[in-house]
Amino acid sequence: MAAAGLGEAVRLVLARDLRLALRHWDQVIQPLIFFVIVTTLFPLAISPALEELRGIAPGVLWVAAMLSSLLALESLFRPDVEDGTMEQWVLSGQPLSVLLLAKTVTHWLLAGLPLVLMAPIVGTALGMPQSVWPVLAATLALGTGSLSVLGAIGAALTVSVRRGNVLLALLVLPLEMPVLIFGARAVDLAMQGEAVAGPLNLLAALLLLFVSLGPFAMSAAMRISVET
Amino acid sequence: MSTPFAAPTAQPHLQARAVHLWRGENHLLRGVSFTVGGGELLQVVGPNGVGKTSLLRCVAGLLPIESGEIEWGGQPLPACRDVFNEQLAYLAHVNALKADLTALENLSYAVALHRPVARVELLDTLERLQIAQCADLPVRALSAGQKRRVAIARVLLMQATLWILDEPITNLDVAGIALFEECMAEHLRNGGVILTAAHQRLLQGRPQVRTLELH
């Protein structure tokens, strides 16, 4: 009896989670709506003058993206742990790290990718020139990937804590600061017409680092969480 | 089609020696020992809170034990974890079903992680457990007993040698219990091993059935 191959296992997890997301899409789009609303609050609170908004636009977009990525984390592992699916995965004979990474990829597809696509539109509303769009989308694509992996480690650690979402935010947000700094900085540089290769490379390096080591941390944390 | 019990270990054999487990300040398992071989069912009994579920979770590998040894086919568990996981079907208190997926989808995602499985086979198993009419209903629409039957269908479909079943007949009606006992008897005839915790005696009076009293 040969267990399913790794690729097949990843495909199964992705297919299952995307199908589940489709069944309750109203919950899935909440982070995106949150992102749009938060970024809309700034012109209302500060000033509708585009020159003023332009200066803070990269920071606003990035902070909003970080918070909305955090919003979807709470429900990343919790349902599977509560209904016993995670125990079945631990015992499935498949590497838990790979299964959890597949779930993290779904988190990015549902909570990261929509932000990447929506950001240029929101950016324009904050006075960002069109020429910055590619850099904005690139930093967010790389950055939200890192946020998803870091967030997933935190979610695996806090999944057995009742009402662990505040703890999750306290745990994950400080770790995400480098991503925020390089991401917002790259967009800022692009708006001033300067070279952005440096921060972009660093973001890509961070993503590679997190994707390669993160799954092991997730599975170690999850095994501890499942014990209780 | 793979054979159900192509076990690398010649004879399925589960043994625990002097297993100790602490849960916080509570010394839950105090030197539990047992052996159970192919074609045998070991039923763990005892009052609530005595550690039946914990023992089952220890054996399954979800809970690390404090001291003692658990062996599968003569090898200590940590050394043969992969082989053990492939031959294990674990049924917990909770059914591990997604309420938003249909019974069929739930089974196909869960079983396919272990082995390739055809839709016909899933339908046949649901038919055998007399819940074929629920195949395309979302699990949230099923009754508690029907959900349990879907979870039992997953155990059957895994084609595992060792079944670890935690209160398997919870919520089952009389017909359901009889049906499930027939499934267990067949598993034992095929040389399978069952470790279970249940308040009601299962397969009572059969020679292959033994009990382990925890206190």
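Let's start with a detail of chain A: helix 8 and helix 10 of chain A cross in a left-handed manner, a crossing being left-handed if the near helix is turned anticlockwise from the far one by less than a right angle, and right-handed if clockwise. The model is predicted, so local features need pLDDT of at least 70 and side-chain atom pairs count only at pLDDT 80 or more, while totals for chains, interfaces and linings use all residues. Residues are numbered from 1 along each chain as its sequence is written, and chains are lettered from A and ligands numbered from 1 in the order in which they are written. Helices (H or I, at least four residues) and strands (E, at least two) are DSSP runs, numbered from the N terminus.

**Helix packing in chain A**

- Helix 8 (residues 133–158) of chain A packs against helix 10 of chain A at about 15 degrees, and their axes are 8 Å apart. Axes here are lines fitted to C-alpha atoms, for helices over the stretch in contact, and angles run from 0 to 180 degrees between N-to-C directions.
- Helix 8 of chain A and helix 10 of chain A are therefore roughly parallel to each other; angles under 35 degrees count as roughly parallel, over 145 as roughly antiparallel, 65 to 115 as roughly perpendicular and the rest as oblique.
- The contact of helix 8 of chain A with helix 10 of chain A contains 19 nonpolar, 6 polar and no charged residues. In this scheme Ala, Val, Leu, Ile, Met, Phe, Trp, Tyr, Cys and Pro count as nonpolar, Asp, Glu, Lys and Arg as charged, and the others, Gly among them, as polar.
- Helix 3 (residues 30–45) of chain A and helix 4 (residues 50–71) of chain A pack at about 150 degrees, with axes 9 Å apart, so the two are roughly antiparallel to each other.
- The crossing of helix 3 of chain A with helix 4 of chain A is right-handed.
- Residues of helix 3 of chain A that meet helix 4 of chain A include A:F34, A:F35, A:V38 and A:F42, and among those on the helix 4 side are A:L53, A:I56, A:V60 and A:L61. Two residues are in contact if their C-beta atoms, placed from the backbone, lie within 7 Å.
- By class, the contact of helix 3 of chain A with helix 4 of chain A has 14 nonpolar, 4 polar and no charged residues.

**A closer look at A:L109**

- A:L109 sits in helix 7 (residues 96–125) of chain A.
- A:L109 counts as partly exposed because it has 16 C-beta neighbours inside 10 Å; a residue is buried if 20 or more other C-beta atoms lie within 10 Å of its own, exposed if 12 or fewer, and partly exposed in between, with C-beta atoms placed from the backbone.
- Between A:L109 and A:S148 there are 39 residues in sequence and 9.8 Å in space, C-alpha to C-alpha.

**Where chain A meets chain B**

- On the chain A side 22 residues are in contact with 27 residues of chain B.
- Helix 1 (6–23), helix 6 (85–90) and helix 10 (197–227) of chain A each supply at least two residues of the side that touches chain B, and helix 1 of chain A gives the largest share, 6 residues.
- This side of chain A has 9 nonpolar, 7 polar and 6 charged residues.

**The antiparallel sheet of chain B**

- Four strands of chain B form an open sheet in the order 2-1-4-5 with antiparallel pairing; two strands pair if DSSP finds at least two bridges between them.
- Its edge strands, each pairing on one side only, are strand 2 (26–37) and strand 5 (75–76) of chain B.
- Strand 1 (residues 13–23) of chain B is joined to strand 2 of chain B by 9 bridges, and B:L21 stands opposite B:L29 in strand 2.
- Helix 1 (residues 52–60) of chain B packs on this sheet, where it touches strand 1, strand 2 and strand 4 (67–72) of chain B, and its direction makes about 120 degrees with that of strand 1.

**The parallel sheet of chain B**

- Another open sheet of chain B has 5 strands in the order 6-7-8-3-9, with parallel pairing.
- Strand 6 (88–91) and strand 9 (209–213) of chain B are the edge strands, and neighbouring strands are turned by 15 degrees against each other on average, direction ignored.
- Strand 7 of chain B pairs with strand 8 of chain B over 5 bridges, with B:L195 as the bridge partner of B:I164.
- Strand 7 of chain B is mostly covered, as 5 of its 5 residues are buried: B:L162, B:I164 and B:D166 point one way, and B:W163 and B:L165 the other way.
- Helix 6 (residues 174–189) of chain B lies across strand 3, strand 7 (162–166) and strand 8 of chain B, at about 145 degrees to strand 8.
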